[in-house]
Amino acid sequence: MQWFPGAVVGWNMAGAFALAASLCIDERAVGEFLPVIEGVMARAVTTQARGNGDGGNG
C-alpha cells in the first residue's frame, strides 16, 4: 500500500502486477480491473483507519 499520513492513497501497482503474474492472472485483466478495485479499497481502508463509518461498504 502507498499511504499519506492519515490516508491510504493506493497500492504498489508493480507489486500488484508481480503478484498477479505469480498467480497466472492475465495482466490485461489486472490493468482493466485493478484501478477500480484500488480506489474502493483505498477509501474503505482510510475510512476504517479514521474510525468513522462502515469501511466504505454503504
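Colleague: Is R28 buried or exposed, and at what relative accessible area?

Modeller: Bear in mind that this is a predicted model. A residue counts as exposed when its relative accessible area is over 50%. R28 passes that cut-off and is therefore exposed, with a relative accessible area of 66%.

Colleague: Which residue forms a salt bridge with R28?

Modeller: Side chains of opposite charge can pair when their charged atoms come close. The count for this model comes to 1 salt bridge. In the pair with R28, the closest N and O atoms are 2.7 Å apart.

Colleague: How far apart are the end C-alpha atoms of α2?

Modeller: The helix α2 has 24 residues, and at 1.5 Å a residue they should span 34 Å.

Colleague: At which residue does α2 bend?

Modeller: The bend comes to about 40°. A proline, P35, follows within four residues of the bend. The residue at the bend is F33.

Colleague: What covers the buried residues of α2?

Modeller: An α-helix has 3.6 residues a turn, so residues three or four places apart point the same way. The buried residues of α2 include V30, L34, E38, M41 and A42. Their cover includes β2 and α1.

Colleague: What separates the C-alpha atoms of G10 and G39?

Modeller: G10 lies in strand β2, residues 7-10. G10 is buried, because its relative accessible area of 0% is under the 20% cut-off. Along the chain, G10 and G39 are 29 residues apart. Their C-alpha atoms are separated by 7.0 Å.

Colleague: Which residues make the nonpolar surface patch of about 300 Å²?

Modeller: One member, L23, sits in the loop between α1 (13-22) and α2 (27-50). L23 is exposed, with a relative accessible area of 54%. The patch is made by L19, L23 and I25.

Colleague: What pattern does the protein chain follow along the sequence?

Modeller: The secondary structure comes to 2 helices and 2 strands. Buried residues make up 22% of the 58 residues. Read along the sequence, the pattern is β-β-α-α.

Notes. Residues numbered from 1 in each chain as written. Predicted model: local features only at pLDDT ≥ 70, side-chain atom pairs only at ≥ 80, totals over all residues. Heavy atoms only, no water. Patch = residues over 30% accessible without salt bridge, like charges linked within 9 Å, V, L, I, M, F, W, Y side chains within 5 Å. Areas by Shrake-Rupley, 256 points an atom, 1.4 Å probe, with all protein chains shown as cover. Salt bridge = Lys/Arg side-chain N within 4 Å of Asp/Glu carboxyl O. Buried < 20%, exposed > 50% of the residue type's maximum accessible area, 1.4 Å probe, protein only. Expected span 1.5 Å × (residues − 1). Bend = angle between axes of the 7 residues up to and from the residue. Contact = heavy atoms within 4.5 Å.
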